[in-house]
Amino acid sequence: MKHLPRILVVEDEPAIAELISVNLRHNGFQPIWVMDAETAQREIDDILPDVILLDWMLPGESGLTLARRWRQSARSKGVPILMLTARGEEADRVAGLETGADDYIVKPFSPRELLARIRAVLRRRAPEQAGGVVQVGDLSLDADTWRVTYQGQALKVGPTEFKLLQYLLRHPERVHSRGTLLDKVWGDHVYIEERTVDVHVKRLREALGEGGRMIETVRGAGYRLTAQVQG
Ligand code: CA
């Protein structure tokens with residue numbers, strides 16, 4: 001099972017929301033559509049999205065106010081925000097970006113442009129979700145096809161172990177504390193204990209077979225993925 005990036009779509013116009021949602025779904029994203037600020041907030045409190053698409057003109061609180069609040073909140077400040085705006089004026093764009101939005105798209109926009117912008121903010125904020133192949137030594141992971149291989153042999157890896165491995169492969173030869181791994185891999189670790197990391201590292205090692213030796217325990221510090229396996 002692949003982790004589909006979760007995109008919270010805050011948009012009060014059903015026709016636009018529907019168009020966006022269909023396009024996201026067809027392109028490997030998981031859209032969650034909400035029509036107002038209150039429902040959006042509940043959604044964020046419940047499961048943190050990977051990207052927020054935020055309409056500027058909403059009933060009640062404006063997109064601008066929401067963007068500012070989500071940027072200031074410890075829980076949501078790391079989530080990329082893409083503003084959707086009908087306003088094309090320079091001053092408005094600047095205002096949107098100043099509240100902390102990562103980018104903006106002027107309506108009407110093409111689905112292709114929307115997807116490109118979403119992928120761009122994901123790449124900037126969370127390279128782990130942007131896809132592509134990453135390889136260290138004999139160990140290779142393809143985020144687009146969800147394949148992990150060691151010495152050319154395909155391996156079965158669970159979804160959490162996949163994300164963990166992806167992070168380790170992108171940051172090899174470095175020691176990562178359990179706290180860092182929780183932060184970078186789970187992202188939203190309010191209710192997760194550090195020993196959860198140990199459980200998933202153990203599973204990952206098992207899934208990798210011989211390649212599991214590449215993940216070293218660094219006593220008192222955390223874990224490191226290395227191509228220079230000892231012994
Ligand atoms: Ca609107």
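Visitor: In which helix do Glu38 and Arg42 both lie?

Guide: Both residues belong to helix H2 (residues 37–46), where they are four residues apart, about one turn of the helix; helices (H or I, at least four residues) and strands (E, at least two) are DSSP runs numbered from the N terminus. This is a predicted model, in which local features need pLDDT of at least 70 and side-chain atom pairs count only at pLDDT 80 or more, while totals for chains, interfaces and linings use all residues. Residues are numbered from 1 along each chain as its sequence is written, and side-chain values use heavy atoms, leaving out hydrogens and water.

Visitor: Why is the contact between Glu38 and Arg42 called a salt bridge?

Guide: The term requires a side-chain nitrogen of Lys or Arg within 4 Å of a carboxyl oxygen of Asp or Glu, and because the N to O distance here is 3.6 Å, the pair qualifies.

Visitor: Why does Glu38 count as exposed?

Guide: Its relative accessibility is 59%, and exposed means over 50%, buried under 20% and partly exposed in between (1.4 Å probe, protein chains only), so Glu38 counts as exposed.

Visitor: What makes Lys107 and Asp55 a salt bridge, and which parts does the pair tie together?

Guide: Their side chains meet at 3.0 Å, N to O. Lys107 lies in the loop between strand S5 (103–106) and helix H5 (111–125) and Asp55 in strand S3, so the pair ties together parts 52 residues apart in sequence. Lys107, at 15% relative accessibility, counts as buried, as does Asp55 at 2%.
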